Amino acid sequence: LSESGVPKLVQPMIWDYAADLDVEGKVHLVEKYRRCGFSKVWFASAFKGATGANQSLTLIGHHLKNHLQWLEVARNSPADVLEGIVLTGWQRYDHFSVLCELLPVAIPSLAVCLQVLQNGGYSEKVKENVEKLLGMSNLETDTFMR
């Protein structure tokens, strides 16, 4: 890859939507890309649509854990290598599938994930910010919203 010149033309994106992603493995992958000559990498997470093709409601806790782990990968990677994090929101698994997790039911998850990335973690203050922004009295992250 180094000799091909590709690292001067593109920036790789590392995708993983798991709630239990392998932080150490991702850090090693970032280091491998760096050794190949890529100066920047992107991470890709999801705030909805990555937990099952027939999922109707968004389980915020799954996506919250995923974002917290991506932050851990970023903290353990070289400081200047991360270009950004893309928050994907999948609407369907393939062109023949029905729609899943429509945007309106996923807005609380999007708000939580954005606040987590902006604040570098999750805390009671972050939860309160999301509740205030969305006009909610009780944000539930470990169960489906009522």
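Visitor: What makes Tyr93 count as partly exposed?

Guide: Its relative accessibility is 39%. Buried means under 20% relative accessible area, exposed means over 50%, and partly exposed lies in between, with a 1.4 Å probe and protein chains only. Tyr93 therefore counts as partly exposed. A word on the source: this is a predicted model, where local features need pLDDT of at least 70, side-chain atom pairs count only at pLDDT 80 or more, and totals for chains, interfaces and linings use all residues. Residues are numbered from 1 along each chain as its sequence is written, and side-chain values use heavy atoms, leaving out hydrogens and water.

Visitor: Where is Tyr93, and which residues is it in contact with?

Guide: Tyr93 sits in the loop between β3 (82–89) and α3. Helices (H or I, at least four residues) and strands (E, at least two) are DSSP runs, numbered from the N terminus. Contact means heavy atoms within 4.5 Å. Leaving aside neighbours within four places in sequence, Tyr93 is in contact with Gly49, Ala50, Thr51, Gly52, Ala53 and Cys100.

Visitor: Why does Glu101 count as buried?

Guide: Glu101 has 2% relative accessibility, so it counts as buried. Glu101 is also in the loop between β3 and α3, and it has a positive phi of about 40° although it is not a glycine.

Visitor: Why are α2 and α3 called roughly parallel to each other?

Guide: The axes of α2 (residues 60–76) and α3 (residues 103–119) cross at roughly 20° and come within 9 Å. Axes are lines fitted to C-alpha atoms, for helices over the stretch in contact, and angles run from 0 to 180 degrees between N-to-C directions. Angles under 35 degrees count as roughly parallel, over 145 as roughly antiparallel, 65 to 115 as roughly perpendicular and the rest as oblique. The two helices α2 and α3 are therefore roughly parallel.

Visitor: Which residues of α2 and α3 meet?

Guide: From α2 come Ile60, His63, Leu64, His67, Leu68 and Leu71, and they meet Pro108, Ser109, Val112, Cys113, Val116 and Leu117 in α3.

Visitor: What makes up the largest nonpolar core?

Guide: A nonpolar core is a set of buried Ala, Val, Leu, Ile, Met, Phe, Trp, Tyr and Cys residues joined through side-chain atoms within 4.5 Å. Here the largest has ten residues, among them Ile14, Phe43, Trp70 and Val73. Helix α1 gives the most to this core, with three residues. Val73 touches Leu21, Val23, Lys26, Val27 and Phe43, not counting residues up to four places away in sequence. A second, separate core of eight residues includes Ile60, Leu64, Val116 and Val130.
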